[in-house]
Amino acid sequence: MAASASSLLAAAASSSCAAISPRLPRGAPAAASVPSPSRHTCPSLRASPARRHQSRFVASVAPTMQPSAESRVSTVVDVDLGDRSYPIYIGAGLLDEPDLLQRHVHGKRVLVVTNTTVAPLYLEKVTWALTHNNPNVSVESVILPDGEQYKDMDTLMKVFDKAIESRLDRRCTFVALGGGVIGDMCGFAAAAFLRGVNFIQIPTTLMAQVDSSVGGKTGINHPLGKNLIGAFYQPQCVLIDTDTLNTLPDRELASGIAEVVKYGLIRDAPFFEWQEKNMSALLAREPSALAYAIKRSCENKAEVVAQDEKESGLRATLNLGHTFGHAIETGTGYGAWLHGEAIAAGTVMAADMSHRLGWIDESIRKRVVDILEQAKLPITPPETMTVEKFKSIMAVDKKVADGLLRLILLKGPLGSCVFTGEYDRKALDETLHAFCNN
């Protein structure tokens with residue numbers, strides 16, 4: 001699968017968003033040794049007792065959403081957004097359970113949006129799951145070209161063309177079948193078509209399963225910047241069939257691990273420590289290790305999204321390394337580097353800058369480098385990225401406010417970070433010069 005088959009809180013430019021460490025991981029593989037967590041809570045982000053209750057993670061959702069006793073669903077993570085809450089189903093073989101998909105379909109018309117890599121692998125199975133013992137449902141599909149370079153307005157129009165030609169109405173359902181590019185584009189199309197139609201996510205890459213399919217961020221790229229055009233639009237459900245990872249190339253698997261590492265660094269130190277012990281198992285695709293990494297990643301993101309759906313503060317911390325990383329993707333041409341590869345190098349740059357500011361000690365900086373190297377991910381940007389190229393692209397980043405570039409940086413013990421515009425600009429310059437030839 002290629003690159004594409006593969007955010008309660010007001011934050012001023014100087015807001016310090018210390019990450020909230022979640023509870024002790026549950027369901028970790030037996031071989032994992034998980035230390036007791038410490039909770040680092042910024043007072044401005046501390047949830048009320050009611051909110052903590054509302055945003056808890058549960059092993060099931062509302063009774064009407066319950067899988068059957070024979071279901072292959074191993075975990076259900078609930079994204080708590082009031083009347084827009086939805087489940088994330090996680091398990092092996094979930095595409096073989098038609099009821100899971102069918103219970104979230106509205107109306108009788110479905111449009112599956114996928115790409116040229118995923119369609120031959122899973123389109124037939126998804127079509128079967130949508131229609132099995134359900135003859136009143138008809139399925140159309142649109143197969144897009146595969147690659148980050150196609151995450152643009154021209155390609156998006158192909159989805160609208162198909163929907164209009166098929167005379168789909170407001171009761172139709174769009175299904176995203178693929179990686180992050182397909183999920184982002186299908187979600188944006190669902191948000192815009194007839195001003196909003198039903199939407200389901202079926203992510204088939206690790207990157208999409210642990211990050212992009214959860215939380216309702218949708219959109220497309222612009223030549224001047226990544227993900228600058230889009231909408232917040234939540235799906236009805238996310239169905240993660242871990243068996244789809246069996247067809248995922250090693251490079252794509254590693255790309256997804258970059259986002260897994262992020263959760264440990266910004267808010268879940270025990271999870272990071274588990275990753276350090278189990279990276280070889282993840283790279284070897286051991287089912288229990290992958291299932292646990294996906295579960296913990298989804299739980300972490302669901303808790304953040306429940307508190308800050310539209311990225312007014314806390315959710316921005318999920319973008320550790322992304323300002324540098326998005327600049328790499330834009331500067332090298334979309335698709336040259338996978339998203340996770342660019343984020344890995346960007347995360348090392350963020351850790352380097354955090355260390356230069358005196359916000360983390362050398363041991364944490366080194367652990368960041370070590371775990372990403374262990375995951376076989378790049379730890380430096382490509383040689384074509386210059387200081388000026390970084391600065392010009394970062395100047396149009398979504399986190400710029402009133403002309404001030406705000407960054408997510410590590411601060412304090414492992415599992416803590418800040419989202420802030422209050423930092424010594426000299427440290428940023430030093431980091432850029434340290435990682436660029438000119």
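Helices, of at least four residues, and strands, of at least two, are here DSSP runs numbered from the N terminus. On that basis the protein, presented as a predicted model, has 14 helices and 13 strands.

**Overall composition**
- The protein has 438 residues, and 60% of them count as buried.
- Its accessible surface comes to about 16400 Å², with carbon and sulfur atoms contributing 51%.

**Leu-168**
- Leu-168 is found in the loop that runs between α4 (153–165) and β5 (173–178).
- The relative accessible area of Leu-168 is 7%, and because buried means under 20%, this residue counts as buried.
- Beyond its neighbours within four places in sequence, Leu-168 makes contact with Arg-109, Leu-111, Ala-163, Phe-174, Phe-193 and Leu-194.
- One of these partners, Leu-194, stands 26 residues from Leu-168 in sequence, while the C-alpha to C-alpha separation in space is 9.4 Å.

**Helix α13**
- Helix α13 spans residues 387–394, and its buried residues are Val-387, Phe-390, Ile-393 and Met-394.
- Viewed down the axis of α13, these buried residues fall within an arc of 145°, so they line one face of the helix.
- An α-helix has 3.6 residues a turn, so residues three or four places apart point the same way.
- The cover over the buried residues of α13 includes the helices α10 (322–332), α11 (339–356) and α14 (425–435).
- Strands also contribute to this cover, among them β10 (400–401), β11 (404–405) and β12 (407–410).

Terms used: Residues are numbered from 1 along each chain as its sequence is written. This is a predicted model: local features need pLDDT of at least 70, side-chain atom pairs count only at pLDDT 80 or more; totals for chains, interfaces and linings use all residues. Side-chain values use heavy atoms; hydrogens and water are left out. Buried means under 20% relative accessible area, exposed over 50%, partly exposed in between (1.4 Å probe, protein chains only). Contact means heavy atoms within 4.5 Å. The arc is that of the directions from the helix axis to the C-beta atoms. Accessible areas come from the Shrake-Rupley method with a 1.4 Å probe; for residues, only the protein chains shown count as cover.
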